[in-house]
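This briefing goes through a two-chain complex, topic by topic. Please keep the sequence and the structure open while reading.

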Amino acid sequence: MEQTWRQARSAFAAIAAPPLVWLLLFFLIPLAVIWAYSFGENVGPVTIDFTGTFANYARALGPLYLGIFWKSILVAGLTTLLCLLVGFPVALAIAFAGPRTKAWLLLLIMLPFWTNLLIRTYALIAVLRENGYVNFTLEWLWTNASGVMTLAGLQPLGEFEPLTLLYNNFAVVIGLVYVHLPFMVLPLYSALDRMDRSLMEASLDLGAGHLRTILLVVVPLAAPGIASGVLITFIPALGAYLTPDLLGGTDSQMIANVIERQFKRANDWPFGAALSFLLMYLTFIAIAIQALVQRRSERRG
Amino acid sequence: MAREPKTKPGPLEYMRRWPLRVIVGATLLFLYLPLITLMVFSFNDSRRNIVWQGFTFKYYEKAFNNSSLMEAFSNSLTIAFVCTVLSVILGALAAVMLWRFRFPGKTVVEGSMALPIVVPEICMGVAMLVFFARVMPWPQGMPWPFNLGAIIIAHTSFSFPFVATVVRARLASFNRELEEAAKDLGASEWRTFWDVLVPHLQPGLIAGALLAFTLSLDDFVITFFTAGPETITFPVKVYSMLRFSVTPEVNAASTVLIVLTVALTAIGLHLQSRNEDRKAKA
């Protein structure tokens, strides 16, 4: 049974004080300061007046910045969808593999997650750039195909044009999928692993095909896992800074890049603070939607 | 060599069906090919670093002789170490607090404890930037390692709630009667905590420590906003090197870090499985 704090006041104080003080001082107060700044105005190069103005929010919700928010949501949504499409079959295969294979596959999926994000992004640059391995392989295929066609008496293919795979929106989405795939696979796996398999067997015995069984039996049963996988992929993708910064071009700025610019280069802290809080509210909305979906699927189940 | 007779895959043995094998294989290739090429080409004797020119250690030598890179590396390890110690203490205390006590405002505390996990990194980064610029400026020109204080504080703030989650999951399997028994037998509050609760929590503490260490070592965004010109960490240094050019030196330094994290993960998993074995025998 849980004790009430009154029963052991000194023990409670000793246990609760350090984490609570830390959380308050080094997390909640910094956030509160940003929140207060979002209602402030720049009056000098370093002085900010707390005037209680909503001008920063009004500016942030103007067409230019609303467009960037919308774009970030689209990019994060597309990333999540791709992760789901790739992650679901992978999670299914892992959940139904033998115990030894399962342990190895889980380790292999988790290992990149432990590797530094910057290093992974950098590794991707080396693969995607114009003289990187993807283009290198394509060029090799192209020249060989060209050679074969000459042998066959056909017109050889023209000069190989390297694909521009970096510094555009495509690279940002690929980069985000690359980074967030483990986030999706692990919750999906744990949902599929806990699932009652006899229901699948029943569906297969009664003559439904595998695809039908997966779509009509497995997906609804795994809905809570899918919802949490979607959430923990979507949230970091929405606030991603490094991937669009390193892999994106001038038109692939996401909201985090705009926030960074307000704080570092543009030196417009109140506006940056307003943008940060809008991003946080978006995150909270996503969490609330997920909680709603979860509760509905639990009630049904 | 006699091979096992091939049986048809059972209805639910999805891993033995070729379409799923292809998908799993392609996914693993997608996840690992960039990392493996990065590691392989750190040994390549060519600056253009695309065609194999021969084996060399020279970029490792260069990386090791690059004093600012090495300084950043040791800063990162120091920060990760101190942050791990702080996070394990704070996280374990937070978990025990939420598990053991009923107190007014508990839901609010639980909610705020989850905040650092869900708040976007960039928001936390700018909050830390403003906090250390205006509210509590970290004294400049402190001797090493005290100049890293601001970064350590920021890292601990986002790591310890993760540790708390891991430890709390472990606490769920604790038999409270053990604690009562210890107290009945005359053990003090402190002794019960140290001799009964902590040994039970050990695997959770190790897993939490590992998590905190990698989270700290991995972090770029929050550090980017808290670091001053003299307190560069490894990811921040690599980031600024990447801004100028992609050099094999970065490959070499990255390889060292990858090997280090893989080794740490292996140690962690080994400790955990040994612990489970011991429990299975007992």
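Two residues are in contact here if their C-beta atoms, placed from the backbone, lie within 7 Å. On that basis, 71 residues of chain A are in contact with 64 residues of chain B. The model is predicted, and the predictor assigns the complex an ipTM of 0.86 and a pTM of 0.87.

**Confidence**

- For chain B the mean pLDDT is 85, and 91% of the residues in this chain reach 70 or more.
- Where pLDDT is low, predicted coordinates should not be read in detail.

- On the side of chain A that touches chain B, helix α1 (residues 9-37) of chain A gives the most, with 18 residues.
- By residue class, this side of chain A consists of 56 nonpolar, ten polar and five charged residues.
- The two chains also pair through strands: β1 (residues 3-4) of chain A and β1 (residues 101-102) of chain B run in the parallel sense, over two bridges.
- Within this pairing, T4(A) has R102(B) as its bridge partner in β1(B).

**Helix α1 of chain B**

- Helix α1 of chain B covers residues 18-40 and bends by about 40 degrees at Y32(B).

**L98(B) in helix α3 of chain B**

- L98(B) is found in helix α3 (residues 67-100) of chain B.
- L98(B) is classed as buried because it has 21 C-beta neighbours inside 10 Å, and the cut-off for a buried residue is 20 or more.
- Apart from neighbours within four places in sequence, L98(B) contacts E110(B) and R168(B).
- V109(B) is eleven residues from L98(B) in sequence, and the C-alpha to C-alpha distance between them is 8.7 Å.

**G175(A) in helix α7 of chain A**

- G175(A) is located in helix α7 of chain A.
- With 24 other C-beta atoms within 10 Å, G175(A) is therefore buried.
- Not counting residues up to four places away in sequence, G175(A) touches T121(A), L124(A), T243(A) and L247(A).
- F263(A) lies 88 residues from G175(A) in sequence and 25 Å from it in space, C-alpha to C-alpha.

**Positive phi in chain A**

- Most residues other than glycine have a negative phi.
- Y167(A), a residue other than glycine, has a positive phi near 60 degrees.
- Y167(A) sits in the loop between α6 (133-151) and α7 (169-194) of chain A.
- The count for Y167(A) is 19 other C-beta atoms within 10 Å, so this residue is partly exposed.
- N267(A) is likewise a residue other than glycine with a positive phi, in this case near 55 degrees.
- The loop that holds N267(A) lies between α12 (255-264) and α13 (269-300) of chain A.
- N267(A) counts as partly exposed because it has 13 C-beta neighbours inside 10 Å.

How values were computed: Residues are numbered from 1 along each chain as its sequence is written. Chains are lettered from A and ligands numbered from 1 in the order in which they are written. This is a predicted model: local features need pLDDT of at least 70, side-chain atom pairs count only at pLDDT 80 or more; totals for chains, interfaces and linings use all residues. pLDDT is the predictor's confidence in each residue, from 0 to 100. Helices (H or I, at least four residues) and strands (E, at least two) are DSSP runs, numbered from the N terminus. Ala, Val, Leu, Ile, Met, Phe, Trp, Tyr, Cys and Pro count as nonpolar, Asp, Glu, Lys and Arg as charged, and the others, Gly among them, as polar. Two strands pair if DSSP finds at least two bridges between them. The bend at a residue is the angle between axes fitted to the seven residues ending there and the seven starting there. A residue is buried if 20 or more other C-beta atoms lie within 10 Å of its own, exposed if 12 or fewer, and partly exposed in between; C-beta atoms are placed from the backbone.
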